[in-house]
Protein chains: 2
Amino acid sequence: MSGWIAVAGLGPGDERLVTDEVRAALAAATDVVGYIPYVARVAPREGLTLHPSDNRVELDRANHALDLAAGGKRVVVVSSGDPGVFAMASALFEALETRPDPAAFDIRILPGITAMLAAAARLGAPLGHDFCAINLSDNLKPWELVEHRLRLAAQAGFAMAFYNPRSKGRPHQFARALEILREEAGPDTLVSFARAVSTPDESLATVTLAEALPEMADMRTVVIVGSRDTRRVGRWVYTPRSVA
Amino acid sequence: MSGWIAVAGLGPGDERLVTDEVRAALAAATDVVGYIPYVARVAPREGLTLHPSDNRVELDRANHALDLAAGGKRVVVVSSGDPGVFAMASALFEALETRPDPAAFDIRILPGITAMLAAAARLGAPLGHDFCAINLSDNLKPWELVEHRLRLAAQAGFAMAFYNPRSKGRPHQFARALEILREEAGPDTLVSFARAVSTPDESLATVTLAEALPEMADMRTVVIVGSRDTRRVGRWVYTPRSVA
């Protein structure tokens, strides 16, 4: 097979956060596959075919990329952030698993700046100690599992980053998540809402869990919940490196 | 104060994984502060003073950077990977907290490709579902807390990434960590050892917890432990997006 696939992370939005490795893959590509707003970040050029697709068709998109590569194309599958964090890399391997010849495909995963780390950088260093990353959507797992993980993560004293905290289709679950966290981590725990980080729409807010309202998050928000040690210094929020 | 501080992530080693944002900060800097091997990655030039320092002096280094900025210097504090993940950003805020005028400092945190995401990309997508990041060193927290977190993380079904898994000064703890994980997550769970990713010394290995030996890790290794759903496809390791 002469074609290849690179699953590339475009970072959170700012072009200065795209790596040269990703730029080089895009420059060598014949085809770009991805969710509409991510494909829109790739500059059109002669010899490059853009294949934008809708949300929630990750497996179709992955199979499309595999088919194009099998036909000799050089395909970049674009994700925002990092492709390995709640993004297209896993979907590609799920599709690959259904093929008779997975070893025949030339695949590279190209890391990017994931949303929680871009958000953490803007806020200070809230993920400066042990932390976890949880996708709050129950599209692909039972909501009970989300609740279980939230409780155990709080009991472990992790800081937490939440992807997909809230959408129009499931407006009530994030309210429930905040309730659980108030119970397990305490009302004074700091929680930060980082929306559209590194884009012109960026907004940041930090409150306590007692003050947090579900409406503070939407699908473009990464929510970062501190550990009991997370605190403010000046306009910053950070988690110290040590635990007594 | 006319000086500033940028705490910048240089990524895991490959220059193609350094962001333009970080390069621009280095180009504008008068001073670079950091651990010796990271400062060595910055090209010397006229007008740029390099201040390499030894390991385990993070607070001294942070205070040095604050003093330089207070004196009008434009300072880049370099970390490998991402500065907000077990690196210099938290140390800088710890130092800032001891100053009478934290708000007077012009500080930016510039994200980078952190080791676990570079490692995950090389391996496939082992962190493609909910996961946690744990610093296995007990230099700054009690070992009992590490054990507690390992058990809860396994019970939550997180994939896990371990930083600083093993050093000459504490050779036995990683063996104990593997023991706990075999108990809690089961002997068939996949564990990957990703050493010096994106450098000429890179090596990758994936085994089961039953097969894992403490000697497979050193201080340059990121260890990634899968969830019960993590599996192989071809030469890849990945965690599917969904949990039944």
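Gln173(B) is buried, with a relative accessible area of 16%. Buried means under 20% relative accessible area, exposed means over 50%, and partly exposed lies in between (1.4 Å probe, protein chains only). The model is predicted: local features need pLDDT of at least 70, side-chain atom pairs count only at pLDDT 80 or more, and totals for chains, interfaces and linings use all residues. Residues are numbered from 1 along each chain as its sequence is written, chains are lettered from A and ligands numbered from 1 in the order in which they are written, and side-chain values use heavy atoms, with hydrogens and water left out.

**Around Gln173(B)**

- Gln173(B) sits in helix α7 of chain B. Helices (H or I, at least four residues) and strands (E, at least two) are DSSP runs, numbered from the N terminus.
- Its side chain makes a polar contact of 2.7 Å with the side chain of Asp138(B). A polar contact is a pair of N or O atoms within 3.5 Å; within protein, one must be able to donate a hydrogen and the other to accept it, and residues adjacent in sequence count only if both atoms are side-chain atoms.
- Neighbours within four places in sequence aside, Gln173(B) is in contact with Leu136(B), Asp138(B) and Trp143(B). Contact means heavy atoms within 4.5 Å.

**The interface of chain A and chain B**

- The contact draws 66 residues from chain A and 66 residues from chain B.
- Interface size is often given as the accessible area lost when the parts come together.
- Here about 5,800 Å² is buried between chain A and chain B, and carbon and sulfur atoms give 60% of it. Buried area is the accessible area (1.4 Å probe) that two parts lose on being put together, summed over both.
- Between the two chains, 32 residue pairs are in polar contact (both at pLDDT 80 or more).
- On the side of chain A that touches chain B, there are 37 nonpolar, 14 polar and 15 charged residues. Ala, Val, Leu, Ile, Met, Phe, Trp, Tyr, Cys and Pro count as nonpolar; Asp, Glu, Lys and Arg count as charged; the others, Gly among them, count as polar.
- Strand β7 (residues 131–135) of chain A pairs with strand β7 (residues 131–135) of chain B, antiparallel, over 3 bridges. Two strands pair if DSSP finds at least two bridges between them.
- Cys132(A) has Cys132(B) as its bridge partner in β7(B).

**Salt bridges across the interface**

- The whole structure holds 36 salt bridges over all chains. A salt bridge is a side-chain nitrogen of Lys or Arg within 4 Å of a carboxyl oxygen of Asp or Glu.
- Across the interface of chain A and chain B there are 14 salt bridges.
- Lys141(B) and Asp130(A) form a salt bridge, with the closest N and O atoms 2.4 Å apart.
- Arg241(B) and Glu58(A) meet through their side chains in a salt bridge (3.8 Å, N to O). This pair crosses between chains: Arg241(B) is in the segment after β13 (236–238) of chain B, and Glu58(A) is in helix α3 (residues 58–70) of chain A.
- Arg241(B) counts as buried, at 15% relative accessibility.
- A network of salt bridges links Asp20(A), Arg23(A), Asp20(B) and Arg23(B).

**Salt bridges within a chain**

- Glu147(A) pairs with Arg176(A) in a salt bridge, the closest N and O atoms being 3.1 Å apart. The two link distant parts of the chain, 29 residues apart: Glu147(A) is in helix α6 (residues 143–156) and Arg176(A) in helix α7 (residues 173–185) of chain A.
- Glu147(A) is buried at 18% relative accessible area, whereas Arg176(A) is partly exposed at 26%.
- In chain B, Arg176(B) forms a salt bridge with Glu179(B), and their closest N and O atoms are 2.6 Å apart. About one helical turn separates them, because they are 3 residues apart in helix α7 (residues 173–185) of chain B.
- Arg176(B) is partly exposed at 26% relative accessibility, and Glu179(B) is partly exposed at 40%.

**A sheet in chain B**

- An open sheet of 3 strands runs in the order β6-β13-β12 (chain B), with mixed pairing.
- Its edge strands are β6 (124–125) and β12 (231–233), each pairing on one side only.
- β6(B) and β13(B) pair in the parallel sense over 2 bridges. Ala125(B) stands opposite Tyr238(B) in β13(B).

**Positive phi in chain B**

- Most residues other than glycine have a negative phi.
- Phe86(B), not a glycine, has a positive phi of about 50 degrees. Phe86(B) lies in the loop between β4 (74–79) and α4 (88–97) of chain B, and is buried at 19% relative accessible area.
- Ser198(B), also not a glycine, has a positive phi of about 75 degrees. Ser198(B) lies in the loop between β9 (190–195) and β10 (203–208) of chain B, and is buried at 12%.
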